[in-house]
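Subject: Structure for your attention

Dear colleague,

Please find below the structure that I am handing over to you. The findings follow directly after it.

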Amino acid sequence: MKAAGVIRAGAPVRCDQLAAVRFSYVGFDGAVHDDGEIIVMAAVAQPVREIFDTLRRRRFPLARARSIEHYRGDDAASMADNNTSGFNDRPLTGGGLPSLHAYGLAIDINPLQNPYIAFDRDGLARYSPPQGARFANRRNDRPGKPCRPGMAEDVVTLFAQHGFTVWGGDWDAPIDYQHFQVDRPLAQRLAQLPESAARDLFERERLRGNANGRDKDRSKLDAGKTCMPAKTQ
Ligand SMILES: [Zn+2]
């Protein structure tokens with residue numbers, strides 16, 4: 001990954017702490033595509049696989065899912081391509097701490113349908129990707145309008161149940177609808193542990209979170225129903 005310019009010296013995880021999860025997914029064309037790939041921390045590869053298997057079963061569509069290497073680590077290019085992605089060694093947008101993507105513990109889905117929105121001092125919104133402004137209105141039950149598949153609101157609970165408890169759509173500024181992550185203190189602990197110990201810790205925390213029912217209030221957002229792509233194969 002170093003060769004592709006994706007991982008740098010001083011990154012919070014080593015290459016050997018990462019794994020590629022390959023999966024098939026339903027595209028916006030309604031067809032099943034077999035070329036899904038996402039790079040995540042190896043310790044969470046199994047729950048991540050379960051997330052994407054569930055998305056396929058629910059026919060929640062993804063535009064594409066290629067590793068960030070395909071874009072030479074260029075997040076803007078990946079977003080512009082509406083690419084679903086995981087690991088990327090980069091600082092938080094706006095600088096400072098490493099992004100949870102640099103741990104392989106954050107996943108961005110369908111950036112077009114789920115844009116990143118930053119605000120300037122005058123409150124003007126900047127959408128990334130810019131075409132994502134079409135999805136500024138997050139409601140899907142708008143009278144007389146078709147529902148729009150692929151929006152993150154449909155899968156907030158699914159991600160939380162698999163340990164990705166933080167959703168950027170809950171933030172105020174910026175708002176990051178495409179972004180799901182593990183909470184940062186847990187990520188920092190996972191990065192320090194050998195893979196099997198990290199896997200056990202993640203599973204314990206995941207079960208504890210589910211037992212606490214921290215996402216019950218999401219049931220209205222995500223009742224397991226999903227807006228379908230218009231065409232099916
Ligand atoms: Zn993200």
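Strand β4 (residues 116-119) pairs with β5 in the antiparallel sense, over four bridges. Strands here are DSSP runs of E with at least two residues, helices are runs of H or I with at least four residues, and both are numbered from the N terminus. Two strands count as paired if DSSP finds at least two bridges between them. Within this pair, the bridge partner of Tyr116 is Ser128 in β5. Both strands belong to an open sheet of three strands with the order β5-β4-β7 and antiparallel pairing. Its edge strands, each pairing on one side only, are β5 (125-128) and β7 (175-176).

Before going further, please note that this is a predicted model, in which local features need pLDDT of at least 70 and side-chain atom pairs count only at pLDDT 80 or more, while totals for chains, interfaces and linings use all residues. Residues are numbered from 1 along each chain as its sequence is written.

The chain as a whole

The secondary structure of the protein chain comes to five helices and eight strands. Starting at the N terminus, the elements follow the order β-β-α-α-β-β-β-α-β-β-β-α-α. Of the 233 residues, 40% count as buried. A residue is buried if 20 or more other C-beta atoms lie within 10 Å of its own, exposed if 12 or fewer do, and partly exposed in between, with C-beta atoms placed from the backbone. Among contacts with a separation of 6 or more, 62% are between residues 24 or more positions apart; a contact requires the C-beta atoms, placed from the backbone, to lie within 7 Å.

The other strands

A second open sheet of three strands has the order β3-β8-β6, again with antiparallel pairing. Here the edge strands are β3 (106-108) and β6 (166-167), each of which pairs on one side only. Three bridges join β3 to strand β8 (residues 179-181), and Ala106 stands opposite Gln181 in β8.

Strand β1 (residues 18-26) pairs with β2 in the antiparallel sense over eight bridges. The two strands form a hairpin with five residues between them, and Gly30 in the turn has a positive phi of about 85 degrees.

The buried residues of helix α4 (residues 184-192) are Leu186, Ala187, Leu190 and Ala191. Seen down the axis of α4, they fall within an arc of 135 degrees, so they line one face of the helix; the arc is that of the directions from the helix axis to the C-beta atoms. On the other side of α4, Pro185 and Gln192 are exposed. The elements covering the buried residues of α4 include β2 (32-41) and α5 (195-211).

How are α4 and α5 packed against each other? Their axes are 9 Å apart and meet at an angle of about 155 degrees, with axes being lines fitted to C-alpha atoms, for helices over the stretch in contact, and angles running from 0 to 180 degrees between N-to-C directions. The two helices are therefore roughly antiparallel to each other. Angles over 145 degrees count as roughly antiparallel, under 35 as roughly parallel, 65 to 115 as roughly perpendicular and the rest as oblique. In this contact, Leu186, Arg189 and Leu190 in α4 meet Ala198, Leu201, Phe202 and Glu205 in α5.

Loops and local backbone features

Tyr71 is found in the loop between α1 (45-58) and α2 (75-80). Tyr71 is buried, with 20 other C-beta atoms within 10 Å. Leaving aside neighbours within four places in sequence, Tyr71 is in contact with Ala77 and Ser78.

Two cis peptide bonds may be of interest to you. One joins Ser128 and Pro129, with omega of about -5 degrees, and Pro129 is placed in the loop between β5 and α3 (156-161). Another runs from Ala173 to Pro174, with omega near -5 degrees; Pro174 is found in the loop between β6 and β7.

Asn82, in the loop between α2 and β3, has a positive phi of about 55 degrees although it is not a glycine. Asn82 counts as buried, with 21 C-beta neighbours inside 10 Å. Asn110 lies in the loop between β3 and β4, and its phi, near 35 degrees, is also positive in a residue other than glycine. With 26 C-beta neighbours inside 10 Å, Asn110 counts as buried.

Yours sincerely

Methods. Two residues are in contact if their C-beta atoms, placed from the backbone, lie within 7 Å.
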